Each structure stands twice: as C-alpha cells, then as structure tokens.
Amino acid sequence: MKDSTKIADATPLDDISGLKLDTSKPYTMEEIYFFEAKNITMATLKYLSLVPDKKLAPFSFEWLLLLHQEMFGDVWEWAGKLRQAELSIGVKAYLVSTEIKKLVDDVKYWEQNKSFDVVEIAARLHHRAVQIHPFLNGNGRWSRMLANIYLKQNGLSPTRWNENLLSKENLHRDDYIKALKQADDGKYRDLIKLQANTI
Ligand SMILES: Nc1ncnc2c1ncn2[C@@H]1O[C@H](COP(=O)(O)OP(=O)(O)O)[C@@H](O)[C@H]1O
Ligand SMILES: [Mg+2]
C-alpha cells in the first residue's frame with residue numbers, strides 16, 4: 001500500500017507472528033491483504049454460491065470458529081483460534097468463548113421466538129460477533145461474512161459492503177463504524193439500514 005495512513009484505523013499488521021507466508025520476504029500490508037482476500041474467496045464460494053443449508057452452516061460455536069479458519073487459515077497460524085491476548089477492542093480474552101456461546105444461543109432464541117426479522121438478526125449477529133472480537137484479526141471480515149451467510153441461508157441476498165472497508169478515506173466506513181457504535185448502545189436502526197443494502 002503506497003499510503004500507509006489509509007489503514008490507520010485497521011488492525012496494524014506490524015505483528016507478523018503467525019504469518020504462514022515465506023516471512024523471509026518483505027511483504028507489504030497490501031500484499032498480505034491480497035493473500036487474505038484470495039483465501040476469503042474460497043469461503044465465499046463455499047457458502048454463498050448456493051443457499052447454504054443448516055448442515056453446511058449450522059451457526060454453532062464450532063462452526064463460527066471453523067469459518068474464521070476457512071477464511072484466514074492459508075495465511076495465519078492463529079486463524080480459527082480464540083485469542084488469548086487483550087485488544088483495545090472486544091471483550092476480555094477470558095470471556096470470549098462464553099460470549100460466543102451466548103451469541104449462538106441468542107440467535108437460536110431470536111429465530112424460535114421470531115423476535116426480529118432476518119435482516120435484523122443478521123445485523124445483531126454481525127454487531128455482537130465483532131463486538132466480542134474473538135480473533136487476533138479478521139473480525140470485521142468474519143462477522144460480515146457470518147451475517148451474509150445468515151441472510152443467504154434465510155432466502156435473502158448478501159449485504160453489499162463497500163469493497164474498501166479497510167480504507168479510512170472511505171466515507172462509508174465512517175458511517176459503518178458510527179452504526180456499530182450506535183448498536184453498542186442498543187440502537188440498531190442505522191446498522192440494519194446498512195445491512196439491508198443487499199446485492
Ligand atoms: N472504532 C472502531 N474502529 C475500527 N473498527 C471497528 C471499530 N468498532 C468496531 N469495529 C469493527 O472491527 C473491525 C476491525 O477488526 P479487525 O479484527 O481488524 O477486522 P478486519 O481485519 O477484518 O478488518 C471493523 O471492520 C469493524 O467491524
Ligand atoms: Mg484488521
């Protein structure tokens with residue numbers, strides 16, 4: 001990436017421990033992002049080409065981790081593994097696994113009780129998943145993928161997020177982060193609106 005300020009708001013990749021690529025080469029962050037994108041494409045094909053049934057995408061604790069592994073496992077050793085370290089964002093590391101289990105149960109509860117419509121469940125799932133921040137990195141892409149798989153499984157199209165969510169210069173990114181912060185206060189309206197922008 002030529003202008004490093006563009007990624008100021010994203011997790012810095014100065015920590016390349018766990019990088020599965022040949023680390024004797026000086027990869028730029030842009031190149032690593034490209035390898036990640038290539039890896040993520042495999043998961044996109046697996047889950048979004050056809051309607052993913054409950055067997056393929058069960059929305060269980062194990063599957064939530066597996067999805068992260070499938071998205072980042074070619075590039076990072078820690079893919080699909082719950083973080084042990086504290087981050088500036090997310091719940092305390094020792095709470096991650098309990099919080100994910102709670103989220104899995106909540107999704108089931110919302111479905112059974114028809115608490116919310118499909119788009120709102122997708123938005124809440126996305127927000128809670130990224131709020132927990134279970135992994136060292138990739139939480140944003142993983143949580144948006146989760147929501148998209150949920151939408152597709154329930155007969156809707158995936159959300160069209162702006163391609164360049166990594167870039168701070170992107171106006172949509174500011175709106176997106178604002179909507180997530182509103183959701184932190186229980187106000188889901190703006191995030192639901194963004195989530196409803198389907199392909
Ligand atoms: N204040 C914030 N700044 C940046 N990202 C935030 C903020 N609040 C929540 N997030 C979420 O965290 C994600 C970034 O987490 P990260 O683990 O780096 O994911 P990724 O590597 O996929 O971008 C964002 O895409 C967004 O979903
Ligand atoms: Mg990141």
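## The chain as a whole

Of the 199 residues in the protein chain, 27% count as buried. Keep in mind as you look that this is a predicted model.

What is the chain built from? It has seven helices and zero strands. Starting at the N terminus, you can read the elements off as α-α-α-α-α-α-α.

Now think about contacts in the protein chain with a separation of 6 or more: 65% of them come from residues 24 or more positions apart.

## A look at helix H1

Let us pick out one helix. H1 covers residues 29-48, which makes 20 residues. From its first C-alpha to its last, H1 reaches 27 Å, close to the 28 Å expected at 1.5 Å a residue.

Which residues of H1 are buried? They are Glu36, Ala43 and Tyr47. If you look down the axis of H1, its buried residues fall within an arc of 35°, so they line one face of the helix. Turn to the other side of H1 and you will find Lys38, Thr41 and Leu45, which are exposed.

And what covers the buried residues of H1? The cover includes helix H2 (61-72) and helix H5 (139-153).

## How confident is the prediction?

The mean pLDDT of the protein chain is 89, and 87% of its residues reach 70 or more.

Methods:
Residues numbered from 1 in each chain as written. Chains lettered and ligands numbered in written order. Predicted model: local features only at pLDDT ≥ 70, side-chain atom pairs only at ≥ 80, totals over all residues. Helix = DSSP H or I, 4+ residues; strand = E, 2+ residues; numbered from the N terminus. Expected span 1.5 Å × (residues − 1). Buried ≥ 20, exposed ≤ 12 C-beta atoms within 10 Å, placed from the backbone. Arc of directions from axis to C-beta. Contact = placed C-beta atoms within 7 Å. pLDDT = per-residue confidence, 0-100.
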